[in-house]
Amino acid sequence: MTTTFTDAKLREALKVYFIMGSINCLKSPVEVLTEAICGGITMFQFREKGTNALVGEEKYALAEELQFICKKYKIPFIVNDDIALAQTLKADGVHIGQEDDPIPVVREQIGDKILGVSVHNVEEAKIALQKGADYFGVGPIFPTTTKADAKPASGVAILTELRMKGYSLPIVGIGGITAKNASQVIKAGADGVSVITAISLADNIVHATKVLNEAIIQNDRKN
Ligand code: 3NM
């Protein structure tokens, strides 16, 4: 790990990792994020992507507003695939996928901020580790409709495989994760779960987040 976050602090932050952009919300993103924080999320990723996503000044303004809320509640604020935005806002880190800028280039730009990388198999994990990822986002674990170009769901076996092969880097599972299936993800070896829909589209966001949080805490191997 290269980040100034300690290993323990990063694993703790990854437990209930909420990802969201304006298109994932049925009401104001500010309200959604505030309620998710009240419910107990431990980290937030601003992911303003997809059809009708904000760009330019509007994207910047929303990011700034959401970061302000995160700062108030001491929730780490990560930016998805927009290094310039992350740099301007002095975000806590960035998350990139396999098709985004190369890992060494991003690392060079962000220094010791958190660098998360999406990986889908052992080969990608090996390269991401070598090139300086601080954590892996592994998915989609379960089927998801949120990411248009998501790969087929892998199930939790990929998590077990990564741990068995000696990958001890912090791992967060992603894709179709809910309070009902989250325990499988943790039992298979992930430190936490990242979710969009399970929180952003919940009727009662505070309640849904609390239930998800409890599912993680209860199944955490270290508790
Ligand atoms: N990345 P939901 S799956 C943003 O597999 C994202 O890398 C994925 O949304 C990957 O919790 C995904 O609504 C969408 O399924 C996750």
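Which hand does the crossing of α2 and α10 have, right-handed or left-handed? I opened my notebook with this, and I note at once that the model I am reading is a predicted one.

**Entry 1: helices α2 and α10**

I looked up helix α2, residues 29-39, and helix α10, residues 205-219, and found that the two pack at an angle of about 40° with their axes 7 Å apart. The crossing of α2 and α10 is right-handed, which settles my opening question. For the contact, I wrote down V32, E35, A36, C38 and G39 on the α2 side, and I205, V206, T209, K210 and N213 on the α10 side.

I picked T209, which lies in helix α10, and checked how much of it can be reached. T209 has a relative accessibility of 0%, and it therefore counts as buried, since buried means under 20%. Setting aside neighbours within four places in sequence, I found T209 in contact with A36, G39, G40, I41 and I199.

**Entry 2: helices α2 and α3**

Next I turned to the pairing of α2 with α3, whose axes come within 10 Å and cross at roughly 20°. That angle makes α2 roughly parallel to α3, because angles under 35 degrees count as roughly parallel. I noted that the crossing of α2 and α3 is right-handed. From α2 the contact uses P29, V30, L33, T34 and I37, while α3 brings L62, E65, L66, I69 and C70.

**Entry 3: the listed binding site**

I then went to the UniProt record, an unreviewed entry, which lists Q45, F46, R47, E48, K49, N80, S118 and K147 under "binding site". From this set, Q45, R47, K49, N80, S118 and K147 belong to the lining of the largest pocket.

I found K49 in the loop between β2 (43-46) and α3 (56-72), and its relative accessible area of 30% makes it partly exposed. Beyond its neighbours within four places in sequence, K49 is in contact with I23, N80, D81 and D100. K147 sits in the loop between β6 (135-138) and α7 (157-164). With a relative accessibility of 35%, K147 also counts as partly exposed, because that term covers values between 20% and 50%.

Terms used. Residues are numbered from 1 along each chain as its sequence is written. This is a predicted model: local features need pLDDT of at least 70, side-chain atom pairs count only at pLDDT 80 or more; totals for chains, interfaces and linings use all residues. Side-chain values use heavy atoms; hydrogens and water are left out. UniProt positions are given in the numbering used here, feature names are shortened, and annotations may be inferred rather than shown by experiment. On a 1 Å grid over the protein atoms alone, a cavity is a set of points where a 1.4 Å probe fits but cannot get out, and a pocket is an open set with protein on both sides within 12 Å along at least five of seven lines; lining residues have an atom within 4 Å of a point. Helices (H or I, at least four residues) and strands (E, at least two) are DSSP runs, numbered from the N terminus. Buried means under 20% relative accessible area, exposed over 50%, partly exposed in between (1.4 Å probe, protein chains only). Contact means heavy atoms within 4.5 Å. Axes are lines fitted to C-alpha atoms, for helices over the stretch in contact, and angles run from 0 to 180 degrees between N-to-C directions. Angles under 35 degrees count as roughly parallel, over 145 as roughly antiparallel, 65 to 115 as roughly perpendicular and the rest as oblique. A crossing is left-handed if the near helix is turned anticlockwise from the far one by less than a right angle, and right-handed if clockwise.
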